[in-house]
Amino acid sequence: MNQCTAVALLPPPEHVLALSAPAHRPEAGHVLCELGEGHYGDHSAMLWDEGGRPGSTVWVRWDRERARLLPLPWCPTRDPRNADDACGLFAGHPSGHSWAVTDPTDEAITRDLARRHPHLFRWAVFRVAAPTQPAPLLSLSISASTPST
């Protein structure tokens with residue numbers, strides 16, 4: 001499933017504004033929903049993780065009326081295709097797990113980079129799609145090695 005396209009512009013929290021110098025006020029920033037399209041409830045994006053302590057990951061959850069910062073635990077579910085990969089969303093999230101949510105913009109950029117610079121990509125597997133729709137990337141491995149001359 002594709003990633004939700006909801007975006008929110010968040011002003012800096014009041015306590016951050018109070019601590020900032022008047023000439024260096026922080027600006028509002030945008031967040032993108034990380035959930036799968038068509039999810040129910042609030043949109044959600046992770047803001048920061050303070051390093052593995054339970055509840056140390058801070059998420060912003062928003063709807064049309066308000067945005068809230070919440071400490072939420074990580075989803076404990078492991079990817080059935082690779083037990084080393086855990087879901088990158090919060091526990092109890094709506095929609096699919098993070099490995100089932102794809103960002104079409106990121107995939108389009110990756111496909112273009114693989115086409116323009118094939119020596120940087122060891123292998124890439126693309127699904128053949130109808131000509132009217134972009135082909136989503138199924139699997140990609142990026143090589144950090146430089147091309148041989």
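Let me start with a definition: buried means under 20% relative accessible area, exposed means over 50%, and partly exposed is in between, using a 1.4 Å probe and protein chains only. One more: helices (H or I, at least four residues) and strands (E, at least two) are DSSP runs, numbered from the N terminus.

Now the ground rules. This is a predicted model, where local features need pLDDT of at least 70 and side-chain atom pairs count only at pLDDT 80 or more, while totals for chains, interfaces and linings use all residues. Residues are numbered from 1 along each chain as its sequence is written, and side-chain values use heavy atoms, with hydrogens and water left out.

First, helix α2. It covers residues 104–116, which is 13 residues. From its first C-alpha to its last it reaches 18 Å, close to the 18 Å expected at 1.5 Å a residue. That expected span is 1.5 Å times one less than the number of residues.

Which residues of α2 are buried? Glu107, Thr110, Arg111 and Ala114. Look down the axis of α2: these buried residues fall within an arc of 100 degrees, so they line one face of the helix. The arc is taken from the directions that run from the helix axis to the C-beta atoms.

Three strands form an open sheet, in the order β3-β4-β5, with antiparallel pairing. Strands β3 (43–49) and β5 (67–71) stand at the edges with a single partner strand each, so one side of each has no neighbour in the sheet. Two strands pair if DSSP finds at least two bridges between them. Between β3 and β4 (residues 57–62) there are six bridges. Met46 stands opposite Trp59 in β4.

Stay in β4 for Thr57. Is Thr57 buried or exposed? At 1% relative accessibility, Thr57 counts as buried. Its side chain makes a polar contact of 3.2 Å with the side chain of Asp49.

Rings of Phe, Tyr and Trp (its six-membered ring) pair if their centres lie within 6.5 Å; planes under 30 degrees apart are stacked, over 60 edge-to-face, and the rest tilted. How many aromatic pairs does a search of the whole structure find? Two.

Trp59 and Trp74 form an edge-to-face pair, 6.1 Å centre to centre, with 75 degrees between the planes. Trp59 is in strand β4, and Trp74 is in the loop between β5 and β6 (78–79), 15 residues apart. Trp59 is buried, at 0% relative accessibility. Trp74 is partly exposed, at 34%.

Trp59 also pairs with Phe90: the centres are 5.1 Å apart and the planes at 75 degrees, so this pair is edge-to-face. Phe90 is in the loop between β7 (82–86) and α2, 31 residues from Trp59. Both Trp59 and Phe90 are buried. Together, Trp59, Trp74 and Phe90 form one aromatic cluster.

Key
A polar contact is a pair of N or O atoms within 3.5 Å; within protein, one must be able to donate a hydrogen and the other to accept it, and residues adjacent in sequence count only if both atoms are side-chain atoms.
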